[in-house]
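Subject: Structure handover

Hello,

Here is the structure I promised to pass on.

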Amino acid sequence: VQIRYDVFVSYRHDGADRTFARELVSALEAEGYRVAIDERDFPANASFLQEMERAIRESRFTVAVMSPRYLESGNTEEEALISKVLDMGDRRRRLIPLVIEPVSMPAWLYGIVGIDWTKRDPLVDPFDKLKATLGAPRNDDARS
């Protein structure tokens, strides 16, 4: 599978979550990362599940924007599960939960530290921590 993106952003299509996801995509792209997000990068006539799996397979990492709403959504749970399945296949930790509101993590996320965006005075800025986890953006000629 060809890696096309540094990161795929998985989120609930709800007010605060969508706003956070869009701002995160803009911030990452400003830093040179190639980002996949469904509302822009999935063709309108494609199967959502197939596109989701494609985006996850073609991304170095999947960032899950975690809120209580995320866990109520069917699609985002499937995204996380697909990502988890890929984790087992290639033995790399490719799922990064970003906690934007207090939420009790489901069992399939236990053992993944994630990044807490809710702390008032974090020791390390969460965006810097995310960039450190992602590593440098892929630098290739396929940039569009």
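This is a predicted model: local features need pLDDT of at least 70, side-chain atom pairs count only at pLDDT 80 or more; totals for chains, interfaces and linings use all residues.

**Salt bridges**

The whole structure holds 12 salt bridges. Here are some of them.

Start with Arg69 and Asp17. Their side chains meet in a salt bridge, with N to O at 2.5 Å. The partners come from distant parts of the chain: Arg69 sits in helix α4 (residues 68–72) and Asp17 in helix α1 (residues 15–30). They are 52 residues apart. Are these two residues buried or exposed? Arg69 has a relative accessible area of 18%, and because the cut-off for buried is under 20%, Arg69 counts as buried. Asp17 is buried too, at 0% relative accessibility.

Next, look at Lys131 and Glu31. Their closest N and O atoms are 3.4 Å apart, and the two form a salt bridge. Lys131 belongs to helix α6 (residues 126–134), while Glu31 lies in the loop between α1 and β2 (35–37). The pair therefore ties together parts that are 100 residues apart in sequence. Glu31 is partly exposed, with a relative accessible area of 39%.

Glu53 pairs with Arg57, with the closest N and O atoms 2.8 Å apart. Both are in helix α3 (residues 48–57). Why are they separated by about one helical turn? Because they are four residues apart in that helix. An α-helix has 3.6 residues a turn, so residues three or four places apart point the same way. Both partners are partly exposed: Glu53 at 30%, Arg57 at 35%.

**Helix α6**

Which residues of α6 are buried? They are Pro126, Phe127, Leu130 and Leu134. Seen down the helix axis, these residues fall within an arc of 100°, so they line one face of α6. Their cover includes β1 (5–10), α1, β3 (59–66), β4 (95–99) and β5 (115–116).

Check both ends of α6 as well. At the start, a side-chain oxygen of Asp125 comes to within 2.9 Å of the backbone nitrogen of Phe127. Just after the helix, Gly135 has a positive phi of about 75°.

**The nonpolar core**

In soluble globular proteins, nonpolar side chains tend to be buried together. Here the largest nonpolar core has 21 residues. Val9, Leu24, Leu28, Ile96, Leu98, Leu130 and Leu134 touch the most other members. At least two core residues come from each of β1, α1, β2, β3, β4 and α6. Helix α1 gives the most, with five.

Leaving aside neighbours within four places in sequence, Leu98 contacts Phe20, Leu24, Val63, Ala64, Val65, Met66, Ile115, Trp117 and Leu130.

**Arg94**

Finally, find Arg94 in the loop between α5 (74–90) and β4. Arg94 is buried, at 7% relative accessibility.

Best wishes

Conventions:
Residues are numbered from 1 along each chain as its sequence is written. Side-chain values use heavy atoms; hydrogens and water are left out. A salt bridge is a side-chain nitrogen of Lys or Arg within 4 Å of a carboxyl oxygen of Asp or Glu. Buried means under 20% relative accessible area, exposed over 50%, partly exposed in between (1.4 Å probe, protein chains only). The arc is that of the directions from the helix axis to the C-beta atoms. Contact means heavy atoms within 4.5 Å. A polar contact is a pair of N or O atoms within 3.5 Å; within protein, one must be able to donate a hydrogen and the other to accept it, and residues adjacent in sequence count only if both atoms are side-chain atoms. A nonpolar core is a set of buried Ala, Val, Leu, Ile, Met, Phe, Trp, Tyr and Cys residues joined through side-chain atoms within 4.5 Å.
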